[in-house]
Amino acid sequence: MTTATLPDTHADEGGPGWVRRNRMRLAPLMFLAPGVLFFLVYVIFPVLESFQISFYRWDGLGAREFIGLENYRELSTDPAFEVSLVNNLKWLLLYLLAIPGGLFIALFLNQTVTGIRIYKSLFFFPFVISQVVVGLVFTWFYDPTFGLLNVTLEAIGLGPVNVLGDPRLATYGIIAAGLWPQIAYCMILYLTGLNAVDPEQVEAARLDGAKRWRMLWFVILPQLRPATFIAFVVTIIGALRSFDLISIMTNGGPFGSTRVLSFYMFEKALSEYGFRMGYGAAIAVVLFMIMLLFIGYFLWSMWRQERMP
Amino acid sequence: MFPRPIQQSSRGAQTTYQSLIPVVLLLWLAPLLAVAFFSIKPGADFTAGNYWGMPSSFEGAENYGKVFFESDMPRYLLNSVLITVPTVLGAVALSCMTGFALGVYKFRGNLWIFFMFVAGNFVPFQILMVPVRDLTLELGLYNTKMGLVLFHVAFQTGFCTLFMRNFIRALPRELIEAARVEGVAEWRIFWFVVLPLMRPAIAALSVLVFTFIWNDYFWAVVLTQGAESQPVTAGITSFNAQYRASYHLMSAGSIVAALPPVAMFFLMQRHFIAGLTLGAVK
């Protein structure tokens, strides 16, 4: 007589039972897999690969030739690299003006009068437009023959200024153009922040005689800290990513005076001056290292917040 | 409220304030208004040196008609749509899932994966440029819309995951726990319990990503060339090269290129600002 034994389903042999028992561990894996895969392939691995490429001489087509730190050695004596680095610092410092600028406009607009909503939207307008169009708009704004800037200067008796044609002024002109949308962005952050300011604290401070600047500094700004943090993050990133405006407004000129690292890297790796992928990657690595300081700081702040209950 | 409501000030101060706002706004938007003004002038005005005087004739329809019917502009616009819309769909779909996984489950490495997305999202594009261009070439996707879409989806997933995860974290956990006790499968919890609650976040992210991608210029230049696949941000430079010194047409072209995200913003303003200012208040 044969005893028909049911196949013994062991716990770890796979099949629906195993899936069911481990579903709390499997589910996040399944949900994460596509996103993480994409992100690894297109973001994380390329970062590592760029580090690797920076040790090679490579024209993007032929064989790569390992040259160790040669690219970095060349960078240290490259005057164009130095100009780009200095310009990046200018961008970083001056771009931060967007934060007080945005706060100032937000304070100006934080009223409830008729039509204020429309005004707020229109003030925000420059941020929605692409940087390419902002670049074009400001190129014409600065134009020495018909630009609005020079028409205005002429009206008050000042000579024409060729902002983008003057190596001493061009970078500042581009930064000013970049500040236009960035101020709008910071403004909207602060408007939202101001909306959430605790009215009781403001009233209490008012009863204690706090006014204007003291009130702003000691009562309002501490409550706006989250908005300031985000404004700081997006402004720093914006400053280091600046590429579109430079490419549109001056294409790095005059005489290479408006180059920044991101633009110089593009020029070296892809433009008509030859495809120097390795050298470009080395420039990108330097830019990345600067950014890494800030990324570290951002993550550290976020991590502290995560640990708070 | 700070500053003190203007209603509590004198009559004079109120009038001054109310008349000051439009003036400041006009100054703020002056560079843009100038371009809009240029775009309705006839070309003859510019050759005659009449830049800022009254237009000798009103040629708005003529200029914009040229942009739409006699240039590659409609093609660039269509390319932009075909790049932007799939990117929005892809990035939002992927990040709904990653955000759900990171926001709902407790497992080792959760915070590390989350931080990987956040950190990657802050990376300067240039460090990705050479390898991504190389990868796109190898996949045979250089100079295709698909190549751009794949990269954009991947990169935007970083920002979107940050957004979605924080949004899901703020949802009431009891709902999910209750469904689990009932024995509902995890994917059903995702689909039927959490996803409907994420609608505001999905709307906000869609509008934001639409604007970001529409306005992208760097990747368009790196991964495409020529009218068959370039979006409008890159196309406008070729357009301007074609109509060099025809300021009336270049102005009209710029306005057309800028318009879709602007329209998106005004139509979906609430969602747009909700997305942009997430985390601006605690």
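Colleague: Why does Cys186(A) count as buried?

Modeller: This is a predicted model, and in it Cys186(A) has 0% relative accessibility. Buried means under 20%, so Cys186(A) falls on the buried side.

Colleague: And Cys96(B), what makes that one buried or exposed?

Modeller: Cys96(B) comes out at 5% relative accessibility. That is under 20%, so Cys96(B) is called buried.

Colleague: How many disulfides turn up over all chains?

Modeller: Zero, with the whole structure searched.

Colleague: Back to chain A. Where does Thr235(A) sit, and is Thr235(A) buried or exposed?

Modeller: Thr235(A) is in helix H12, residues 225-241 of chain A. With a relative accessible area of 1%, under the 20% limit, Thr235(A) is therefore buried.

Colleague: Which residues is Thr235(A) in contact with, leaving aside neighbours within four places in sequence?

Modeller: Tyr95(A), Leu96(A), Ala98(A), Ile99(A), Gln182(A) and Cys186(A). Cys186(A) is the buried cysteine we began with.

Colleague: What makes residues 29-48 of chain A a "transmembrane region"?

Modeller: That label comes from UniProt, in an unreviewed entry, which also lists 91-110, 122-142, 169-194, 215-239 and 278-300. In the model, residues 29-48 are 100% helix and 0% strand, with the end C-alpha atoms 24 Å apart. Residues 278-300 are also 100% helix and 0% strand, and there the end C-alpha atoms lie 32 Å apart.

Colleague: What does UniProt place at residues 77-268 of chain B?

Modeller: The feature "domain: ABC transmembrane type-1", again from an unreviewed entry. Over that stretch, chain B is 80% helix and 0% strand, and the end C-alpha atoms are 20 Å apart.

Colleague: What volume does the second largest pocket have, and which residues are closest to its centre?

Modeller: The volume is about 730 Å³. Of the 19 lining residues, the closest to the centre are Leu107(A), Arg212(A), Phe2(B), Pro3(B) and Arg4(B). Helix H5 (98-109) and helix H11 (212-223) of chain A each give two or more residues to the lining, and H5(A) has the largest share, with five.

Colleague: How does the lining of that second largest pocket divide by residue type?

Modeller: Into 13 nonpolar, two polar and four charged residues. Arg counts as charged, so Arg212(A) and Arg4(B) are among the charged ones.

Key
Residues numbered from 1 in each chain as written. Chains lettered and ligands numbered in written order. Predicted model: local features only at pLDDT ≥ 70, side-chain atom pairs only at ≥ 80, totals over all residues. Heavy atoms only, no water. Disulfide = S-S within 2.5 Å. Buried < 20%, exposed > 50% of the residue type's maximum accessible area, 1.4 Å probe, protein only. Helix = DSSP H or I, 4+ residues; strand = E, 2+ residues; numbered from the N terminus. Contact = heavy atoms within 4.5 Å. UniProt positions renumbered as here; feature names shortened; annotations may be inferred. 1 Å grid on protein atoms, 1.4 Å probe; cavity = no way out; pocket = protein on both sides within 12 Å on 5 of 7 lines; lining within 4 Å. Points joined across faces, edges and corners; volume = space filled by probe spheres on them.
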